[in-house]
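Welcome! Please take a moment to look over the sequence and the structure shown here before reading the short tour that follows.

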Number of protein chains: 2
Amino acid sequence: MKKTNLDEMPCPIARALDRVGEWWSILILRDAFYGVSRFDEFEKSLGIAPNMLARRLNGLVEAGLLERRPYQTKPVRYEYVLTDMGRDFRPVMLALMTWGNKYFATEGLAMFLVDERDGHMVDAVLTDRHTGDPITRENHAMYPGPAASERMRTRLENNIARRAAERAAAAMEKRA
Amino acid sequence: MKKTNLDEMPCPIARALDRVGEWWSILILRDAFYGVSRFDEFEKSLGIAPNMLARRLNGLVEAGLLERRPYQTKPVRYEYVLTDMGRDFRPVMLALMTWGNKYFATEGLAMFLVDERDGHMVDAVLTDRHTGDPITRENHAMYPGPAASERMRTRLENNIARRAAERAAAAMEKRA
DNA sequence: GACATCACTTGCAAAATGATAGTAACTGCC
DNA sequence: GGCAGTTACTATCATTTTGCAAGTGATGTC
């Protein structure tokens, strides 16, 4: 979350991190997904210092993930609620949770995803919306688009070429 | 990426962030997914100062996402490659990319996901591995598991109760 | 009128970041 | 044999960020 000027950085991952890449931001969003919205709730829930919390909340509001809105007058008090952009961040959070559960839930699960229609525990996987196929290393790769920088295009094309070569070698292997 | 002692923090999201939550870490992983593996490649690709790069690479190795291994002797030179844990981080990256593309690709796409079997562009969605249903705000929620802290359990249960009440109210509305 | 609530701000020490420069172990070239 | 080039770093240090502790202001409650 720093000097990165966007012209030099068309990468969607870098731009996303520019919004949520600071230490507390994602934890604040996590709480927002639980329905936490008030300053003191965040403060207690996270154990964060109030000045840090104020800085991060302002940052997330500026970034467009949270909206600061008054919930009472006399005295005016504000709460912080997710915008559409913020709500759309949920898949990232769930992917992070899935990964965390897989590797760091050494004393058992602390939380998991449930389908509330029938109460079953859900294993979240990324799939192709169109075909329904799971995304895999074997079948899927990133490709440069029209807005890619030169550097990015080169990197991605190198990767694509390398993968093609590997596949060709594997096919040879199989035939032999 | 700091003082957080794990006993106080069973949340899988917090633990995940403890490993990859620092500013450069995820960008380094992004490059690793493109096949970048050498110190100077990362340095050039990211435009990062070498001391920072060394710190982050060491961090990611310690965290278990990268493996440092010699690729030549005379002189010994090391490269950094993804471990299984690192490779499993890919869905998080792709979710981040999807979100970034949706909101910040103002000059057009810089990169996108392709199914290389037929070359079609993929829209990645999180789904239930078992049923294939997409994960939605309406149908899915986080539930506390056996390893949840008291605070976390309370927060999640509050959220679940709030959602149930909202659903009940919505059902009333519909009936009327 | 003392106390509590809530959303913050201020001041400051400690820690992290990052620009610049340097090192170490080689290889290849003339 | 010497000198540039490659690669993977480390060292130094100014700047920036973090985060603890304390304070503030508007209001309502006992």
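## Strands, helices and a DNA strand

Let us begin with an open sheet of 3 strands, ordered β6(A)-β3(B)-β4(B) and paired in antiparallel fashion. Its edge strands are β6 (140-144) of chain A and β4 (120-122) of chain B, each of which pairs on one side only. On average, neighbouring strands of this sheet are turned by 50° against each other, with direction ignored. Please keep in mind that this is a predicted model.

Within this sheet, β3(B) and β4(B) are antiparallel and are joined by 3 bridges. Here L113(B) faces V122(B) of β4(B). Elsewhere, strand β3 (residues 111-115) of chain A runs antiparallel to β6(B), and 5 bridges join them. In that pairing, V114(A) has A141(B) of β6(B) as its bridge partner.

Now for the meeting of the two chains. In total, 75 residues of chain B are in contact with 75 residues of chain A. Several elements of chain B each supply at least two residues of the side that touches chain A, among them α1 (12-20), α2 (25-33), β3 (111-115), β6 (140-144) and α7 (150-175). Which element gives the most to this side of chain B? That is α6(B), with 13 residues.

Helix α6(B) also packs with helix α6 (residues 90-104) of chain A, at an angle of about 175° and with the axes 8 Å apart. Because of that angle, which is over 145 degrees, α6(A) is roughly antiparallel to α6(B). The contact is made by P91(A), V92(A), A95(A), L96(A) and W99(A) from α6(A), together with P91(B), V92(B), A95(B), L96(B) and W99(B) from α6(B).

Finally, there is DNA strand C. Two or more residues of the nearby surface come from each of α3 (39-46), α4 (50-63) and β2 (77-82) of chain A, and from α4 (50-63) of chain B.

The table sets out the residue classes for the regions visited above.

| Side of chain B that touches chain A | 45 nonpolar residues | 14 polar residues | 16 charged residues |

Methods: Residues are numbered from 1 along each chain as its sequence is written. Chains are lettered from A and ligands numbered from 1 in the order in which they are written. This is a predicted model: local features need pLDDT of at least 70, side-chain atom pairs count only at pLDDT 80 or more; totals for chains, interfaces and linings use all residues. Two residues are in contact if their C-beta atoms, placed from the backbone, lie within 7 Å. Helices (H or I, at least four residues) and strands (E, at least two) are DSSP runs, numbered from the N terminus. Ala, Val, Leu, Ile, Met, Phe, Trp, Tyr, Cys and Pro count as nonpolar, Asp, Glu, Lys and Arg as charged, and the others, Gly among them, as polar. Two strands pair if DSSP finds at least two bridges between them. Axes are lines fitted to C-alpha atoms, for helices over the stretch in contact, and angles run from 0 to 180 degrees between N-to-C directions. Angles under 35 degrees count as roughly parallel, over 145 as roughly antiparallel, 65 to 115 as roughly perpendicular and the rest as oblique.
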